[in-house]
Amino acid sequence: MSLVDLTVTEFMHVLGSDEPAPGGGSASALAASMGISLTKMVAELTVGKKKYAEYEVEMQGVLSDAIGLQTELLAAIDKDTEAFNEVSAVFAMPKATDEDKAARREAMQRALKIAAKTPLEMMDIIFRALKVTEAAIGKSNTNAASDLGVAALNLKSGLQGAWLNVLINIGGIKDEEYVQACKEQGTKVLEEGMALADKIYQTILVDM
């Protein structure tokens, strides 16, 4: 059974157990999923309302984008754990001969690249989710304005958590060019995403 099919209680129990996965990566994806789900909720509470008719087209776009991003981030919960399991599987490979050891090293490098790429891709999804959340400010149901602030906080948490998972996996990668590319891409998305999340939160806070 996939992680997303578990109840909240079941997920928390496995997350808090001595199982190595799910861990921080899947938890980050879950946080981000909650964030974009809140943005979707705000859109749902706005679309079709006469009071916000002038923003109907924009909010229909927000709703459509939020639905797609919600699906992507929910998938990322399992995807991150699957990537970690690829790394764990390498430890079960034989290591009796030099050939075995060489095969293990190559397999580990491949697995670590996948394990780094997965949260890096998650960061891009979260940044898009922040942009969609920003687009709802001032055009959505004012009774749910605080939910956009909470959405930004959850998305920011997911973004920072995903970055930590990128860093821990690239630490074991020998391909310096790949590592540098990951660092450059991740740092850019992290800085821009955190700034955007803070902007959204502060904008909501001022209007409270």
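**Labels and their grounds**

Mentor: Start with Gly-23, which lies in the loop between helix 1 (8-15) and helix 2 (24-44). Keep in mind that this is a predicted model.

Trainee: Why is Gly-23 called partly exposed?
Mentor: Its relative accessible area is 23%. Buried means under 20% and exposed means over 50%, so Gly-23, at 23%, is partly exposed.

Trainee: Where does Ser-26 lie, and is Ser-26 buried or exposed?
Mentor: Ser-26 is in helix 2. Its relative accessible area is 0%, and the limit for buried is under 20%, so Ser-26 is buried. Ser-26 touches Leu-3, Ile-77, Asp-80 and Thr-81, leaving aside residues up to four places away in sequence.

Trainee: How many helices and strands does the protein chain have?
Mentor: The count is 6 helices and 0 strands. From the N terminus on, the order reads α-α-α-α-α-α. The C-alpha atoms fill a box of roughly 70 × 35 × 25 Å along the principal axes. Of the 208 residues, 42% count as buried.

Trainee: What makes Arg-128 and Glu-72 a salt bridge?
Mentor: Their closest N and O atoms are 3.0 Å apart. The rule asks for a Lys or Arg side-chain nitrogen within 4 Å of an Asp or Glu carboxyl oxygen, so the pair qualifies. The pair links distant parts of the chain, with Arg-128 in helix 4 (residues 98-136) and Glu-72 in helix 3 (residues 56-90), 56 residues apart.

Trainee: Are Arg-128 and Glu-72 buried or partly exposed?
Mentor: Arg-128 has 39% relative accessibility and Glu-72 has 30%.

Trainee: What about Lys-156 and Asp-198?
Mentor: Their closest N and O atoms are 2.7 Å apart, which is within 4 Å, so Lys-156 and Asp-198 form a salt bridge. Lys-156 is in helix 5 (residues 145-170) and Asp-198 is in helix 6 (residues 176-206), 42 residues apart.

Trainee: Why is Lys-156 called buried, and Asp-198 partly exposed?
Mentor: Lys-156 has a relative accessible area of 18%; that is under 20%, so Lys-156 is buried. Asp-198 has 35% relative accessibility, which falls between 20% and 50%, so Asp-198 is partly exposed. Salt bridges that share partners also join Lys-79, Lys-117 and Glu-121 into one network.

Trainee: How many salt bridges does the rule give?
Mentor: The count comes to 9 salt bridges.

Trainee: What makes Lys-113 sit over the ring of Tyr-178?
Mentor: The charged end of Lys-113 is 5.0 Å from the ring centre of Tyr-178 and sits over the ring. The distance limit is 6 Å.

Trainee: Which residues touch the most other members of the largest nonpolar core?
Mentor: The core has 52 residues, and those touching the most other members are Leu-73, Met-122, Met-123, Ile-126, Leu-130 and Ile-170. Helix 2, helix 3, helix 4, helix 5 and helix 6 each supply at least two residues of this core. Helix 4 gives the largest share, 15 residues.

Trainee: What does Leu-73 touch?
Mentor: Leaving aside residues up to four places away in sequence, Leu-73 touches Ala-29, Ala-32, Ser-33, Ile-36, Met-122, Ile-125 and Ile-126.

Definitions and conventions. Residues numbered from 1 in each chain as written. Predicted model: local features only at pLDDT ≥ 70, side-chain atom pairs only at ≥ 80, totals over all residues. Heavy atoms only, no water. Helix = DSSP H or I, 4+ residues; strand = E, 2+ residues; numbered from the N terminus. Buried < 20%, exposed > 50% of the residue type's maximum accessible area, 1.4 Å probe, protein only. Core = buried A, V, L, I, M, F, W, Y, C linked by side-chain atoms within 4.5 Å. Contact = heavy atoms within 4.5 Å. Lys NZ or Arg CZ within 6 Å of the ring centre and 35° of its normal.
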